[in-house]
Amino acid sequence: PGWLDSASLADGKHLFDIYCAVCHGTGGKANGPIVSSTQIKNPYPPPPNYFTEPLLSLPEGKMYYSVHYGKNLMGPYSKVLDHDQVWKVVYYVKSMQKHFIDSVAAAGAPATAAADTTKK
C-alpha cells in the first residue's frame, strides 16, 4: 500500500519483534528462541529463512495472506493484528529482504548463493 512510510516501518519492526521474532528471529533467519533454545525440550522446527527462495521473491500479497490466515505451523494472526498492522509487518520483512539483496549485490555475489550461508 502507498500509505506505508518510515513510521510504518518502525511500527512493523516493533510488531515483528513482538509477534514474529520468537520463531523467525530478530534478523529473519529462522533462529528465534522458540526454535533454537537449548532450554526447550522439544523446540519447534524452524520456519523458512526470509533470505532464501522462494521467500525472497514472494509477493507482498501472499505474505499478507500467510500472516493473516496462517500457514503450516504458523497460526493466523488476524485475531491480534489488524489489516494495517499486518501490512506494516510485511513492509518491514520486505525491507529486511531488500537490504539483504542490496548487500549481496554490493558484494558481487548472487543472492541465492549468499542466502545459503545465512541459514543459521
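Which side chain meets Lys 98 in a salt bridge? Asp 102 does, at 2.8 Å from N to O. This report follows that pair and other features of the structure, which is a predicted model.

## Salt bridges

The count of salt bridges comes to 3. Take Lys 98 and Asp 102 to begin with. Both sit in helix H5, 4 residues apart, so about one helical turn separates them. Asp 102 is partly exposed, with a relative accessible area of 39%.

Asp 17 is partly exposed at 34% relative accessible area. Lys 13 also counts as partly exposed, at 37%.

Lys 88 and Asp 11 form another bridge, with their closest N and O atoms 3.0 Å apart. Asp 11 counts as partly exposed, at 35%.

## The nonpolar core

The largest nonpolar core has 22 residues. Phe 16, Tyr 50, Val 89, Val 93 and Met 96 touch the most other members. Helices H1 (6-19), H4 and H5 each supply at least two residues of this core. H5 gives the most, with 9 residues. In soluble globular proteins, nonpolar side chains tend to be buried together.

What does Phe 16 touch beyond its neighbours within four places in sequence? Its contacts are Ala 21, His 24, Gly 25, Thr 26, Tyr 50, Val 89, Tyr 92, Val 93 and Met 96. Tyr 50, Val 89, Val 93 and Met 96 in that list are also among the core residues that touch the most other members.

## Helix H4

Helix H4 spans residues 60-69. Met 63, Tyr 64, Ser 66, Val 67 and His 68 are buried in it. The buried residues of H4 pack against helix H5 (83-107). Gly 70 follows H4, and its phi is positive, near 90°.

## The largest pocket

How much space lies in the largest pocket? It holds about 750 Å³. Helix H2 (21-24), H4 and H5 are the elements that give two or more residues to its lining. H4 provides the largest share, 4 residues.

The lining has 31 residues in total. His 24, Pro 47, Pro 48, Lys 71 and Met 74 lie nearest the centre of the pocket. By type, the lining divides into 22 nonpolar, 6 polar and 3 charged residues.

## His 24

His 24 has its place in helix H2. Is this residue buried or exposed? His 24 counts as buried, because its relative accessibility is 11%, under the 20% cut-off.

Neighbours within four places in sequence aside, His 24 is in contact with Phe 16, Lys 29, Ala 30, Asn 31, Gly 32, Pro 47, Pro 48, Tyr 50 and Met 74. Pro 47, Pro 48 and Met 74 are also among the residues nearest the centre of the largest pocket. Phe 16 and Tyr 50 are among the core residues that touch the most other members.

## Backbone points to check by eye

Most residues other than glycine have a negative phi, and most peptide bonds are trans. Ala 30 has a positive phi of about 65° although it is not a glycine. Ala 30 lies in the loop between H2 and H3. Its relative accessible area is 3%, so Ala 30 is buried.

Asn 72 is not a glycine either, and its phi is positive, about 55°. Asn 72 has its place in the loop between H4 and H5. Asn 72 is exposed, with a relative accessible area of 74%.

Where is a cis peptide bond found? The bond from Glu 53 to Pro 54 is cis, with omega near 10°. Pro 54 lies in the loop between helix H3 (33-36) and H4.

## Gly 108

Gly 108 lies in the loop between H5 and helix H6 (111-116). Gly 108 is exposed, with a relative accessible area of 65%. The C-alpha atoms of Gly 108 and Lys 41 are separated by 41 Å, and these residues are 67 apart along the chain.

Methods: Residues are numbered from 1 along each chain as its sequence is written. This is a predicted model: local features need pLDDT of at least 70, side-chain atom pairs count only at pLDDT 80 or more; totals for chains, interfaces and linings use all residues. Side-chain values use heavy atoms; hydrogens and water are left out. Buried means under 20% relative accessible area, exposed over 50%, partly exposed in between (1.4 Å probe, protein chains only). Contact means heavy atoms within 4.5 Å. On a 1 Å grid over the protein atoms alone, a cavity is a set of points where a 1.4 Å probe fits but cannot get out, and a pocket is an open set with protein on both sides within 12 Å along at least five of seven lines; lining residues have an atom within 4 Å of a point. Grid points are joined across faces, edges and corners, and a volume is the space filled by probe spheres set on the points. Ala, Val, Leu, Ile, Met, Phe, Trp, Tyr, Cys and Pro count as nonpolar, Asp, Glu, Lys and Arg as charged, and the others, Gly among them, as polar. A nonpolar core is a set of buried Ala, Val, Leu, Ile, Met, Phe, Trp, Tyr and Cys residues joined through side-chain atoms within 4.5 Å. A salt bridge is a side-chain nitrogen of Lys or Arg within 4 Å of a carboxyl oxygen of Asp or Glu.
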